[in-house]
Amino acid sequence: PQGYRQAAHEILGKESKMSEMIASTNVFLNVEAKSVDDVLEFLSSKAVELGYADDKDAVLASFKHREELGSTGMADGFAIPYAKDDAIKKPGILVAKLANDVAWKSTDDVPVTTAIGLLMPGAEAGTTHLLGLAKVSSMLMHEDARKRIAESDDPAAIASVIADAVK
């Protein structure tokens with residue numbers, strides 16, 4: 001049916017642009033945070049600072065709402081918090097490598113050391129957001145990708161690992 005073809009075309013069109021959602025300027029090292037809320041606050045501030053969003057409080061509320069539905073902590077020290085809101089003007093991926101471990105409910109009870117934040121405009125909630133989440137989650141299933149991100153202090157190298165995974 002025509003509706004399915006159009007939806008597939010929209011998703012595939014977005015897929016080709018997903019690697020543009022991450023750049024070395026979106027990777028932050030040694031981020032000081034003591035809690036999940038501190039990390040979400042940091043990501044929300046950077047979303048506005050980098051031009052992805054125009055309302056830090058709306059982005060933060062969206063991140064927190066998602067955490068209330070269920071933790072975005074994954075395994076091996078990674079979390080994938082995400083926000084989808086009309087205050088977000090373009091999709092983006094932000095990475096916060098934390099200066100210290102942050103207690104974050106996860107599948108293996110290991111504290112989080114790296115948060116990969118997804119930013120999605122409200123209008124793209126059903127397409128780009130699901131595709132981005134699926135690709136980043138899939139990347140984190142691979143030990144090599146996790147290791148390359150965890151061990152690197154080079155924002156360009158970290159951005160490249162993620163861009164390769166989401167293209």
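This is a predicted model: local features need pLDDT of at least 70, side-chain atom pairs count only at pLDDT 80 or more; totals for chains, interfaces and linings use all residues.

User: How many helices and strands does the protein chain have, and in what order do the elements run?

Analyst: The protein chain holds six helices and five strands. Reading from the N terminus, the order is α-β-α-α-β-β-β-β-α-α-α.

User: What share of the residues in the protein chain is buried?

Analyst: Of the 167 residues, 44% are buried. Take the contacts between residues at least 6 apart in sequence: 72% of them join residues at least 24 apart.

User: How do I describe two packed helices?

Analyst: Two numbers do it: the angle between the axes and the distance between them.

User: Which hand does the crossing of α2 and α3 have, and which residues make the contact?

Analyst: The crossing of α2 and α3 is right-handed. From α2, the contact uses V36, D37, L40, E41, L43, S44, S45, A47 and V48. From α3 come K56, V59, L60, F63, K64 and E67. By type, the residues of this contact split into eight nonpolar, two polar and five charged.

User: Which residues of α3 are buried, and what covers them?

Analyst: Start with the general idea. An α-helix has 3.6 residues a turn, so residues three or four places apart point the same way. In this structure, the buried residues of α3 are A58, V59, L60, S62, F63 and E67. Their cover includes α2, β3 (82–85) and β5 (112–121). As for length, α3 has 14 residues and reaches 20 Å from first C-alpha to last. That is close to the 20 Å expected at 1.5 Å a residue.

User: Now another helix pair. At what angle do α5 and α6 cross?

Analyst: Helix α5 (residues 143–151) and helix α6 (residues 155–166) cross at roughly 155°, with axes that come within 9 Å. That makes α5 roughly antiparallel to α6. The crossing of α5 and α6 is left-handed. In the contact, A145, R148 and I149 of α5 meet I158, V161 and I162 of α6. These residues divide into five nonpolar, no polar and one charged.

User: Where is D85, and which residues is D85 in contact with?

Analyst: D85 sits in strand β3. D85 is partly exposed, with a relative accessible area of 24%. Beyond its neighbours within four places in sequence, D85 is in contact with A58, S62, M120, P121 and G122. Two of these, A58 and S62, are also among the buried residues of α3. D85 and L60 are 25 residues apart in sequence and 9.9 Å apart in space, C-alpha to C-alpha.

User: Where is S137, and is S137 buried or exposed?

Analyst: S137 belongs to helix α4 (residues 128–140). At 16% relative accessibility, S137 counts as buried. Not counting residues up to four places away in sequence, S137 touches M74 and I80.

User: What should I look for in phi?

Analyst: Most residues other than glycine have a negative phi. So look for exceptions. N30 is not a glycine, but has a positive phi of about 55°. N30 lies in strand β1 (residues 27–31), and counts as exposed at 58% relative accessibility. D76 is not a glycine either, and has a positive phi of about 60°. D76 is in the loop between α3 and β2 (78–79). With a relative accessible area of 44%, D76 is partly exposed.

Key:
Residues are numbered from 1 along each chain as its sequence is written. Side-chain values use heavy atoms; hydrogens and water are left out. A crossing is left-handed if the near helix is turned anticlockwise from the far one by less than a right angle, and right-handed if clockwise. Helices (H or I, at least four residues) and strands (E, at least two) are DSSP runs, numbered from the N terminus. Contact means heavy atoms within 4.5 Å. Ala, Val, Leu, Ile, Met, Phe, Trp, Tyr, Cys and Pro count as nonpolar, Asp, Glu, Lys and Arg as charged, and the others, Gly among them, as polar. The expected span of a helix is 1.5 Å times one less than its number of residues. Buried means under 20% relative accessible area, exposed over 50%, partly exposed in between (1.4 Å probe, protein chains only). Axes are lines fitted to C-alpha atoms, for helices over the stretch in contact, and angles run from 0 to 180 degrees between N-to-C directions. Angles under 35 degrees count as roughly parallel, over 145 as roughly antiparallel, 65 to 115 as roughly perpendicular and the rest as oblique.
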